[in-house]
Amino acid sequence: MQARNSMAPASRTTIDQNRAVLHVRPREDFVETEITRDIAQRALAYLQAGFPVHFRGPAGTGKTTLAMHVAAQLGRPVILLVGDEEFTTSDLIGEQSGYRYRKVVDRFIHSVLKYEEDAEQRWVDNRLTTACREGFTLVYDEFTRSRPEANNVLLTVLEERLLVLPDLRRENAYLKVHPEFRAIFTSNPQEYVGVHETQDALSDRLVTLDLDYYDRDTEVSVVASRSGLSLEAAARVVDIVRDFRASGEYDQAPTMRSGIMIAKVTAQQGLTPSVDDARFVRVCLDILESKKVFNSRAREQHTHQRKMLLSLLEHHAPSQQPARSRARKESQHEAHTKYNSDSE
Ligand SMILES: Nc1ncnc2c1ncn2[C@@H]1O[C@H](COP(=O)(O)OP(=O)(O)OP(=O)(O)O)[C@@H](O)[C@H]1O
Ligand SMILES: [Mg+2]
């Protein structure tokens, strides 16, 4: 499969601090392969038809990156929200914010300044209201982390295209959603357990596209693009991470992010991605071993996991000195002994 970087113009996200608005242009280092192109095109088609899209998938499968990439294609300013247990509806739509005071100068006694209370309370828009009013693109990352009650306000926004504001604000209790308003959601289904189930009514309004770990070629392209390593070097790192993922011997799945971390340090520190370089081996162990929690009683398991990781390294990042294979074997043996004895 041919991987290429998006031909989009230079990546730049500018932030309008006053309105918490992002002006997003496609990232230069966004990797387009068959799979990312396909899913982005499907998402765009649904969005253009007016439907909200939901990228659902495990950690590190590229949901947020894809959401921002698709939002950039829509070409409208972006409002980014990240789901939060503490969110209330007013965090989404805004709230009454104290009273507005009017200064009145008494014309007869000039030294007297009077303050009269304005009859109206001041209303401060929050991000969802701004997006609905202005026709921006809402990216609501990890929306299932917010409590369902806080997200309820989205139901009429997505279906009737009406934002219902609290009736305190009697004059404008409804805001008609701007025709260009679009919404992109992301969530991790593994997080629903013990947090909040996706509200059925809300998810029924979303076109859900499931993401899984990308194919090997896409992961290699992403890791190379994000680290600056060559495709060949990135492939070694990706193969180690993917085989570790396939082993199932962890508490937290090693994602593309682990591959990017290893590859970035390797590139920045000028390490050789092979078992010849003890520092490279150490970086791989540091990043991958933490995917399983060990306590002092689980020494044997720890040693077993280290052996497995070292053999993955030997397999995918073999010594680059084939002419001196005997020396290599010796150094591999030493590495084994060294790292194994570390954990004992
Ligand atoms: N198409 C892509 N092009 C370039 N980099 C990518 C691409 N997809 C993902 N990445 C990179 O992979 C890493 C993980 O992606 P991302 O943060 O989007 O995943 P996620 O599914 O949102 O993860 P989480 O659930 O942990 O939030 C990031 O460093 C991101 O920059
Ligand atoms: Mg994310």
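This is a predicted model: local features need pLDDT of at least 70, side-chain atom pairs count only at pLDDT 80 or more; totals for chains, interfaces and linings use all residues.
Modeller: Begin at the start of the chain. pLDDT, the predictor's confidence in each residue from 0 to 100, stays under 50 over residues 1-11. The model has 26 contacts beyond four places in sequence for that stretch. Two residues are in contact if their C-beta atoms, placed from the backbone, lie within 7 Å.

Biologist: Where else is the pLDDT below 50?
Modeller: Over residues 115-119. That stretch has 10 contacts in the model beyond near neighbours in sequence.

Biologist: And what is the mean for the chain?
Modeller: The mean pLDDT is 83, and 75% of residues reach 70 or more. Confidence is lowest in strand β1 (residues 4-5), at a mean of 44. Helix α10 (residues 256-268) has the highest, at 98. Helices (H or I, at least four residues) and strands (E, at least two) are DSSP runs, numbered from the N terminus.

Biologist: How many helices and strands?
Modeller: The chain has 13 helices and 13 strands. Of its 344 residues, 32% are buried. Buried takes 20 or more other C-beta atoms within 10 Å of the residue's own, exposed 12 or fewer, and partly exposed is in between, with C-beta atoms placed from the backbone.

Biologist: What share of the contacts join residues at least 24 apart?
Modeller: 73%, among contacts between residues at least 6 apart in sequence.

Biologist: Switching to the ligand. Which residues are closest to ligand 1?
Modeller: Val31, Gly62, Lys63, Thr64 and Thr65. In total, 19 residues surround ligand 1. A residue is near a molecule or strand if its C-beta atom, placed from the backbone, lies within 6 Å of it.

Biologist: Which helices supply at least two residues of that shell?
Modeller: α2 (63-74), α8 (216-227) and α10 each do. Domain 1 (4-93 + 126-210) and domain 2 (216-342) each give the shell at least three residues. Those domain bounds come from an automatic or database domain assignment.

Biologist: How does the shell divide into nonpolar, polar and charged?
Modeller: 6 nonpolar, 9 polar and 4 charged. Ala, Val, Leu, Ile, Met, Phe, Trp, Tyr, Cys and Pro count as nonpolar, Asp, Glu, Lys and Arg as charged, and the others, Gly among them, as polar.

Biologist: Back to α10. Is Ala263 buried or exposed, and why?
Modeller: Ala263 is in helix α10. It counts as buried because it has 28 C-beta neighbours inside 10 Å. Beyond four places in sequence, Ala263 is in contact with Val223, Ser227, Leu229, Ala234 and Val237.

Biologist: Now the sheet. Which way do the residues of β5 point?
Modeller: In strand β5 (residues 53-56), Val53 and Phe55 point one way, and His54 and Arg56 the other. All are buried. In a regular strand the side chains alternate between the two faces of the sheet.

Biologist: What does β5 pair with?
Modeller: Strand β12 (residues 182-187), parallel, over 4 bridges. Pairing needs DSSP to find at least two bridges between two strands. Thr186 in β12 is the bridge partner of Phe55. Strand β13 (residues 207-210) also runs parallel to β5, joined by 4 bridges. There, His54 has Thr208 as its bridge partner.

Biologist: And why is β6 largely enclosed?
Modeller: Because 4 of the 5 residues of strand β6 (residues 78-82) are buried. β6 runs parallel to β9, with 5 bridges. Leu81 stands opposite Tyr140 in β9.

Biologist: Last topic, loops. Where is Glu142?
Modeller: In the loop between β9 (137-141) and α5 (148-151). Glu142 has a positive phi of about 50 degrees, although it is not a glycine. It is partly exposed, because 18 other C-beta atoms lie within 10 Å.

Biologist: And what does Tyr250 contact?
Modeller: Lys291 and Lys292, leaving aside neighbours within four places in sequence. Tyr250 sits in the loop between α9 (231-247) and α10. Its C-alpha is 5.5 Å from that of Lys291, 41 residues apart along the chain.

Terms used:
Residues are numbered from 1 along each chain as its sequence is written. Chains are lettered from A and ligands numbered from 1 in the order in which they are written.
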